[in-house]
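Trainee: Could we walk through this structure together? I would like to start with the charged side chains.

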Amino acid sequence: MSARERRLVRRASGGDVEAFRRLVDEHSELVRRVARRVLGREDVQDACQEVWMRAWQSIGGFRGESAFGTWLYRITVNTCLTHRGRESRREEREGGQDETPPRLEPAGGDADPETAALGAERR
């Protein structure tokens with residue numbers, strides 16, 4: 001990491017929005033490229049915005065043990081994987097595949113009244 005980038009990170013960690021904007025300008029292509037590779041062409045813009053929000057929220061925890069780009073790469077991959085999982089769960093719900101079949105209660109008089117009432121409510 002260059003001395004200039006280290007200064008920008010330190011300033012951004014202190015809440016300097018302009019320093020963070022410069023980091024965004026310098027690394028936005030990396031974020032877009034990684035997001036496109038993980039997600040394909042869909043939802044890249046939303047994922048990139050989420051990456052930058054997460055980076056801003058956690059930049060204070062950046063210890064500088066790696067390059068800023070490496071740290072940002074990990075945030076990008078993790079955010080995109082989360083985004084992809086969220087989208088696939090949403091698609092399953094919308095497709096009706098996420099519905100759980102109703103549980104059948106045992107027949108007969110063995111069930112106590114509470115179990116019978118719960119079973120009727122579930123059905």
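Mentor: Start with Arg21. Its relative accessible area is 38%, so Arg21 counts as partly exposed. Buried means under 20% relative accessible area, exposed over 50%, and partly exposed in between (1.4 Å probe, protein chains only). Keep in mind that this is a predicted model: local features need pLDDT of at least 70, side-chain atom pairs count only at pLDDT 80 or more, and totals for chains, interfaces and linings use all residues. Residues are numbered from 1 along each chain as its sequence is written, and side-chain values use heavy atoms, with hydrogens and water left out.

Trainee: Which residue forms a salt bridge with Arg21, with the closest N and O atoms 2.4 Å apart?

Mentor: A salt bridge is a side-chain nitrogen of Lys or Arg within 4 Å of a carboxyl oxygen of Asp or Glu. Helices are DSSP runs (H or I, at least four residues), numbered from the N terminus. At 2.4 Å between the closest N and O atoms, the partner is Glu18.

Trainee: Which residues are linked with Arg21 in a network of salt bridges?

Mentor: Asp25 and Arg21 also meet in a salt bridge, at 2.4 Å from N to O. They are four residues apart in helix H2, so about one helical turn lies between them. The network links Arg21 with Glu18, Arg22 and Asp25.

Trainee: Is Arg41 buried or exposed?

Mentor: Arg41 sits in the loop between helix H2 (17–39) and helix H3 (44–58). With Arg33, Arg36 and Arg37, Arg41 forms a positive surface patch. Such a patch joins like charges within 9 Å, using residues with over 30% relative accessible area and no salt bridge. Arg41 has 73% relative accessibility, so it counts as exposed.

Trainee: Is Phe68 buried or exposed?

Mentor: Phe68 lies in helix H4 (residues 68–94). Leaving aside neighbours within four places in sequence, its contacts (heavy atoms within 4.5 Å) include Met1, Leu23 and Phe62. Its relative accessibility is 0%, so Phe68 counts as buried.

Trainee: How far apart in space are Phe68 and Val9, C-alpha to C-alpha?

Mentor: In sequence, 59 residues separate Phe68 and Val9. Val9 is among the residues in contact with Phe68. The C-alpha to C-alpha distance is 7.9 Å.

Trainee: How many helices does the chain have?

Mentor: From the N terminus on, the elements run α-α-α-α-α. There are zero strands. The helix count is five.

Methods
Patches are made of residues with over 30% relative accessible area and no salt bridge: like charges are joined within 9 Å, nonpolar side chains (Val, Leu, Ile, Met, Phe, Trp, Tyr) within 5 Å. Accessible areas come from the Shrake-Rupley method with a 1.4 Å probe; for residues, only the protein chains shown count as cover. Lys and Arg count as positive and Asp and Glu as negative; His and the chain ends are not counted. The place of a charge is taken as NZ of Lys, CZ of Arg, CG of Asp or CD of Glu. Helices (H or I, at least four residues) and strands (E, at least two) are DSSP runs, numbered from the N terminus.
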